[in-house]
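Please find below some notes for reading this structure. Keep the view open and follow the points in order.

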Amino acid sequence: MESDGKGHLLIAALCFLTIVETGLNEMELRSLLILEYNLLPMGIRRNYRNLPFDYCPDDFGTTSCVQTPPLRWYFVLHRLSHLLMRIDTDSNHFVLPSACRRVVTKKFLKHPHNMDHFKKHLKTFTTTFSSKDWNRSRQIGAFLN
């Protein structure tokens, strides 16, 4: 799965859903995946350096919008649909089953540096996007300790 062209988005989505055990909704995940070049920590990038990750080539997908472009999000959703449990169909709230979280932890988050990298992104997300209406009621901060 990570050998796909957009495998970096799949790895990052799985890692974010592993860290936040209560899950994330679609808007939160799409906002977390926006900065594609900085999604993966150096350790994961080093392990998968020979894979042809297809980063978004224009500024539209990196800095000028708030969410991952729809086609890139559809790819992530389509490739991970067999793993994700949808809690709420209105907000598309997704949770990873505990067995998947254990596998992701063993494969991608076993080094503390990798875990810290994704927690740093979550912390930036909660501070930067806390003023958004759709994020006011979410409490992700408990998972950042």
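1. L83 sits in the loop that joins helix 4 to strand 2. The model is a predicted one. Is L83 buried or exposed? Buried means under 20% relative accessible area, and L83 counts as buried because its relative accessibility is 18%. Its C-alpha atom is separated by 7.5 Å from that of P97, a residue 14 places away along the chain.

2. Three strands make up an open sheet, with the order 1-3-2 and antiparallel pairing. Strand 1 (24-25) and strand 2 (85-88) are the edge strands, each pairing on one side only. In general, strands of a sheet pair through backbone hydrogen bonds. Strand 2 pairs with strand 3 (residues 93-95) over three bridges, in the antiparallel sense. R86 is found opposite F94 of strand 3.

3. Which residues of helix 5 are buried? They are C100, R101 and V104. These residues lie on the same side of helix 5, because they cover an arc of only 100° around the axis. As a rule, an α-helix has 3.6 residues a turn, so residues three or four places apart point the same way. On the other side of helix 5, the exposed residues are R102, V103 and K106.

4. What do the buried residues of helix 5 pack against? They pack against helix 1. The axes of helix 1 and helix 5 come within 9 Å of each other, crossing at roughly 115°. The crossing in which helix 1 passes helix 5 is left-handed. On the helix 1 side, the residues that meet helix 5 are L14, C15, L17 and T18; they meet R101, V104 and T105.

5. The largest nonpolar core has 34 residues, and those touching the most other members are F16, L29, L33, V76, L80 and F118. Two or more residues come from each of helix 1 (7-19), helix 2 (26-32), helix 4 (70-80), helix 5 (98-107) and helix 6 (112-128). Helix 1 gives the most, with 10 residues.

6. Which residues is F118 in contact with, leaving aside its neighbours within four places in sequence? They are A12, C15, F16, I19, L39, L40, P41, I44 and L109. One of these, F16, is also listed with F118 among the core residues that touch the most other members.

Notes: Residues numbered from 1 in each chain as written. Predicted model: local features only at pLDDT ≥ 70, side-chain atom pairs only at ≥ 80, totals over all residues. Heavy atoms only, no water. Core = buried A, V, L, I, M, F, W, Y, C linked by side-chain atoms within 4.5 Å. Buried < 20%, exposed > 50% of the residue type's maximum accessible area, 1.4 Å probe, protein only. Helix = DSSP H or I, 4+ residues; strand = E, 2+ residues; numbered from the N terminus. Contact = heavy atoms within 4.5 Å. Arc of directions from axis to C-beta. Pairing = 2+ DSSP bridges. Axes fitted to C-alpha atoms, helices over the stretch in contact; angles between N-to-C directions. Left-handed = near helix turned anticlockwise from the far one by under 90°.
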